Every structure is written in structure tokens, then in C-alpha cells.
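This report looks at side-chain contacts and helix packing in the structure shown below. Please read it alongside the sequence and the model.

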Amino acid sequence: MLLTEGQTSDYKGAAPMVEALPPAKAILADRGYDAEWFRNALIAKGITPCIPSKANRKVPIPRDRSLYRQRHRIENIFGKLKDWRRIPTRYDQCAHTFFSAIAIAATVIFWL
């Protein structure tokens, strides 16, 4: 997919948050985050990137396939959170109220 004016890649949105990432062993991401600078920033923080290579990469970078298969769990929880109407539509304007709604929804989803 070619980027047009007004569109950005996923990794560009992650650039300001790289420094704020908590300590972790690995990070799972999709192809949208396949950028050399992003991988190097994660490695510098001691985080192993588990990101599949884009189709246009000349030399594909290997990834841990068994770890990447676990990514479906993350996608499933986002799908379940979208069932709670107030979360995807962002009814709560304050960040702390919005985070509280996510915490309540995640707790209920966990216990059901």
C-alpha cells in the first residue's frame, strides 16, 4: 500500500512512545512497524522485536514464529473491548475516565 498525503505508517505514530516503553523481553507487532530505526530503538532498550518483514524488504529479517502466533490473543482482547460501545466511540473525554472504563471492561471480560 502506498502512503498518500495525510496517511502515516504505524511506526511513525510509535516514534514518540519508544522512550516511554516499559521494560519487556519482546514486543509483538505487525508489518506496519517494520522499520530499521524502530527495530534498532527496541534493541537498544533491550527489547527483542518480533515483527514480520514487509513484502518489499530485500533481505527478510527472521522472527520467532511461535511467539508471533500468540499475537492473536492481543487482537482478541481488542475485539472484545470493541463490544463495549463506550470504548471504541470514546464517550469519556477525560483520559483517566477513559482508562477506568477500559479497566472495568477488561476485568469483566477476564472474569466471563
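## Aromatic residues

Y33 is partly exposed, because its relative accessible area is 25%, where buried means under 20% relative accessible area, exposed means over 50% and partly exposed lies in between, with a 1.4 Å probe and protein chains only. F38, at 4% relative accessibility, counts as buried. This is a predicted model, in which local features need pLDDT of at least 70 and side-chain atom pairs count only at pLDDT 80 or more, while totals for chains, interfaces and linings use all residues. Residues are numbered from 1 along each chain as its sequence is written, and side-chain values use heavy atoms, with hydrogens and water left out.

A search of the whole structure finds three aromatic pairs, a pair being rings of Phe, Tyr and Trp (its six-membered ring) whose centres lie within 6.5 Å, with planes under 30 degrees apart counted as stacked, over 60 as edge-to-face and the rest as tilted. The pair of Y33 and F38 is tilted, because the ring centres are 5.8 Å apart and the planes are at 35 degrees. F110 and W111 make an edge-to-face pair, with 5.2 Å from centre to centre and 80 degrees between the planes. Both partners are exposed, F110 with a relative accessible area of 63% and W111 with one of 67%. Y33, W37 and F38 together form one aromatic cluster.

## Charges over rings

The charged end of R63 sits over the ring of Y68, 4.9 Å from its centre, where the term requires NZ of Lys or CZ of Arg within 6 Å of the ring centre and within 35 degrees of the ring normal. R90 lies over the face of F98, at 4.2 Å from the ring centre.

## Cysteines

The structure holds zero disulfides, a disulfide being a pair of cysteine sulfur atoms within 2.5 Å. C50 counts as buried at 2% relative accessibility, whereas C94 counts as partly exposed at 41%.

## Helix packing

Helix 4 (residues 71-81) and helix 5 (residues 95-111) pack with their axes 10 Å apart and at an angle of about 110 degrees. Helices here are DSSP runs (H or I, at least four residues), numbered from the N terminus, and axes are lines fitted to C-alpha atoms over the stretch in contact, with angles running from 0 to 180 degrees between N-to-C directions.

Helix 4 and helix 5 are therefore roughly perpendicular to each other, a description that covers angles of 65 to 115 degrees.

Technical notes: Helices (H or I, at least four residues) and strands (E, at least two) are DSSP runs, numbered from the N terminus. Angles under 35 degrees count as roughly parallel, over 145 as roughly antiparallel, 65 to 115 as roughly perpendicular and the rest as oblique.
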